[in-house]
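Subject: Structure handover

Hello,

Here is the structure you will be working with. Please look it over before reading the notes below it.

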There are 2 protein chains.
Amino acid sequence: MTRIVALAGGVGAAKLLRGLTRLVHKDELVIIANTGDDTEIHGLHVSPDLDTIMYTLAGIIDEAKGWGIANDTFNCLEMLDKLKQETWFKLGDKDFATHITRTQMLKRGMTLSETTIQLCRTLKISAKLIPMSNDPVRTKIISHNLCLDFQEYFVKRGTKDEVTSIIFEGAQKAKPAPNVLKALKEAERVVICPSNPLLSISPILSIPAIWNELKNSRAYVVGVSPIVGGKALKGPADRIMSSMGHEASAYGVAKFYEGFLDHFIIDNADTFDKERIEKLGVKVTVTDTIMRSLEESIHLAKVILDAR
Amino acid sequence: MTRIVALAGGVGAAKLLRGLTRLVHKDELVIIANTGDDTEIHGLHVSPDLDTIMYTLAGIIDEAKGWGIANDTFNCLEMLDKLKQETWFKLGDKDFATHITRTQMLKRGMTLSETTIQLCRTLKISAKLIPMSNDPVRTKIISHNLCLDFQEYFVKRGTKDEVTSIIFEGAQKAKPAPNVLKALKEAERVVICPSNPLLSISPILSIPAIWNELKNSRAYVVGVSPIVGGKALKGPADRIMSSMGHEASAYGVAKFYEGFLDHFIIDNADTFDKERIEKLGVKVTVTDTIMRSLEESIHLAKVILDAR
């Protein structure tokens, strides 16, 4: 019986989930991951957020980079470069194995969620990880008169473009993957991981059936701010919040989640935001939210589970 | 204008071609390669003979193994193993790049010969390398009541099965790749490389239009024995010759090519076979045919070009 559902993006979410999975029984936790960042590269299907979560939970993540597999090499990429292929998307040799395997499973008719179950099983991950949808949803970044694929914006152009709009292509028609709605219905608590609100959490919420379920849910919704002291811990969340007209602060994120957020966990550095957030009708817990170690991940997970 | 056409399999052919390309102008030589060994593995199209020739001519072949790329690593394969994929087909990380690139080109609608031109260009190979056909021809090995894919027989089961029959699936319907027949028509000299007669040369000859062209050709056909002193230099040629009812000797190979072979190059170790082969109406040159270095490859190529 699902007790807790986590909505998750990439690195920040993965770090939190590493703590959460230590505290919550595997049958009681369901992780719903963003697939808006998914892309096809070199003819292979790549699901960056699913992979980051899988690699982190399997204990094989490259901790320094936050993505990819530890101690990986880049010989395939080097040879692809010799063969005049585009190589701005940095895939390691071991990482390629995941994409090759997943692509072949998809080609054989498996759904993305089925491939995820299979990959998690072989990597001995017991947590239930589900892509938000088996239908393609693709995040597109609009920068003035430019429309960029997400990875083009994020990796190829290094988030240098000002984001003026974001589109989740396919979201309106996308059905939640099997067990997503069931998990949300059963959940006592929904955790919004410290992921980019606009790029990682929004794509999940942009699927109408998921948004409806969450909006009407009686679950206690606890979020963690990905912005600490006005800065994103990783990635361009702060700049995007600003350019999209939101305040780049813990308060700005809480305001963005207003309407379905019950409780927000903010960092000690943002104590001054507590009162403003509470005025939105959202409870606040102030703690150390930066996860530099497994212990700190477990600490934050405990704060989330204790929030009420 | 094509002066010389070489019919080629894998390692032995590649070594000879390395010499031949030093002596013959690139516009005068066309290499027609066997694709009967081609396979799809991990969803990727692999053309072992094309690759061995390409890597050898590009100077990046793993000389010790005779296949694959020098100084390659096997991290992708190791990870595929963790993901419970079959890994008996040993693909290196750099090697994967070739298969990934070719597969994507094919997916985009390019023919196998177009992908080969493209790959050769990026690897700075000036020789004209053409797959025998753009249509799938697949070598199947029959061992008593067992039907094995070529790579299953060759790699997975290590050539341990007795070959009782060989099938070239698709050959009857296969059209020669563009320029194959034109090259054969123009050629003054056809070189049968020291490749496995039954597994590497026969698939090429099994394409009706190629066989017709060769049979009626006025070109001087010069072969090199892949069998030296009754043994194959590499691979199971000797055992297969025997199990298929041929003599496992230079003479046996000459007899197999009887009818279209004009001149046969045999090793010093097989001097005693000279007279028997000449009785087939085939001229014979005896020399050192083992290619341990570029110099020895050039020597053998020279003997082939001088044969008359």
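Predicted model: local features only at pLDDT ≥ 70, side-chain atom pairs only at ≥ 80, totals over all residues.

Residues are numbered from 1 along each chain as its sequence is written, and chains are lettered from A and ligands numbered from 1 in the order in which they are written.

Helix H1 of chain A covers residues 11-23 (helices are DSSP runs of H or I with at least four residues, strands runs of E with at least two, numbered from the N terminus). Eleven of the 13 residues of H1(A) are buried (20 or more other C-beta atoms within 10 Å of the residue's own, C-beta atoms being placed from the backbone). Among the elements covering them are strand E1 (4-8) and helix H13 (294-306) of chain A.

Between the chains, 24 residues of chain A are in contact with 25 residues of chain B (C-beta atoms, placed from the backbone, within 7 Å). H4(A) gives the most to the chain A side, with ten residues.

In chain B, helix H4 (residues 93-107) and helix H5 (residues 112-122) pack at an angle of about 135°, with axes 9 Å apart (axes are lines fitted to C-alpha atoms over the stretch in contact, and angles run from 0 to 180 degrees between N-to-C directions). That makes H4(B) oblique to H5(B) (angles under 35 degrees count as roughly parallel, over 145 as roughly antiparallel, 65 to 115 as roughly perpendicular and the rest as oblique). B:Thr98 and B:Met105 of H4(B) and B:Leu119 of H5(B) are among the residues making the contact.

Regards

Terms used:
Expected span 1.5 Å × (residues − 1). Buried ≥ 20, exposed ≤ 12 C-beta atoms within 10 Å, placed from the backbone. Contact = placed C-beta atoms within 7 Å.
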